[in-house]
Amino acid sequence: MLTEARDALSAYYARELGEPFATSGLCYYRDGRDSVAWHGDRIGRGAREDTMVAILSVGAPRDLLLRPVRGGESVRRPLGHGDLIVMGGSCQRTWEHCVPKTSRAAGPRISVQFRPHGVR
């Protein structure tokens with residue numbers, strides 16, 4: 001299933017990305033106490049090149065926040081089951097994102113990330 005999703009995303013974004021998505025990663029959020037801190041996927045090529053990261057949300061809804069690296073107001077994007085967010089261009093170098101903790105009831109969620117070769 002991950003291979004099929006990765007291949008479909010690669011085909012859809014081929015013209016813009018110019019290469020296939022090469023890796024799939026998973027993050028499991030048990031409930032609202034699990035989170036991921038502010039970060040950008042800037043390890044490897046993403047630190048110096050425009051690239052793309054696609055994130056598929058599976059399970060309970062959670063918010064994804066984005067903010068400019070140099071500071072500024074954050075943007076909140078609720079992600080529900082089956083939602084896809086694609087961050088391309090200079091986004092990974094100029095913006096950070098996180099999934100914050102929440103005190104609201106939140107069920108399990110899996111975040112599936114697709115990246116091109118050399119981007120983490």
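This report covers a strand sheet and some aromatic side chains in a predicted model.

**The sheet**

Four strands make up an open sheet. Their order is β2-β7-β4-β5, and the pairing is antiparallel. In general, strands of a sheet pair through backbone hydrogen bonds, in either a parallel or an antiparallel manner. The edges here are β2 (36-39) and β5 (75-79). Each has a single partner strand, so one side of each lacks a neighbour in the sheet. On average, neighbouring strands are turned by 20° against each other, direction ignored.

Strand β4 spans residues 62-68. Five bridges join β4 to β5, and the two run antiparallel. Across from D63 stands P78 in β5.

**Aromatic rings**

The count of aromatic pairs comes to one. Y12 and Y13 form that pair, and its geometry is edge-to-face. The ring centres lie 4.9 Å apart, with 75° between the planes. An angle over 60 degrees counts as edge-to-face, which is why the pair is classed this way.

| Residue | Relative accessible area | Class |
|---|---|---|
| Y12 | 65% | exposed |
| Y13 | 16% | buried |

Y12 is called exposed because its 65% is over the 50% cut-off. Y13 is called buried because its 16% is under 20%.

**A charge over a ring**

W38 has a charged group over its ring. That group is the charged end of R67, 4.0 Å from the ring centre.

Notes:
Residues are numbered from 1 along each chain as its sequence is written. This is a predicted model: local features need pLDDT of at least 70, side-chain atom pairs count only at pLDDT 80 or more; totals for chains, interfaces and linings use all residues. Side-chain values use heavy atoms; hydrogens and water are left out. Rings of Phe, Tyr and Trp (its six-membered ring) pair if their centres lie within 6.5 Å; planes under 30 degrees apart count as stacked, over 60 as edge-to-face and the rest as tilted. Buried means under 20% relative accessible area, exposed over 50%, partly exposed in between (1.4 Å probe, protein chains only). A charge sits over a ring if NZ of Lys or CZ of Arg is within 6 Å of the ring centre and within 35 degrees of the ring normal. Two strands pair if DSSP finds at least two bridges between them. Axes are lines fitted to C-alpha atoms, for helices over the stretch in contact, and angles run from 0 to 180 degrees between N-to-C directions.
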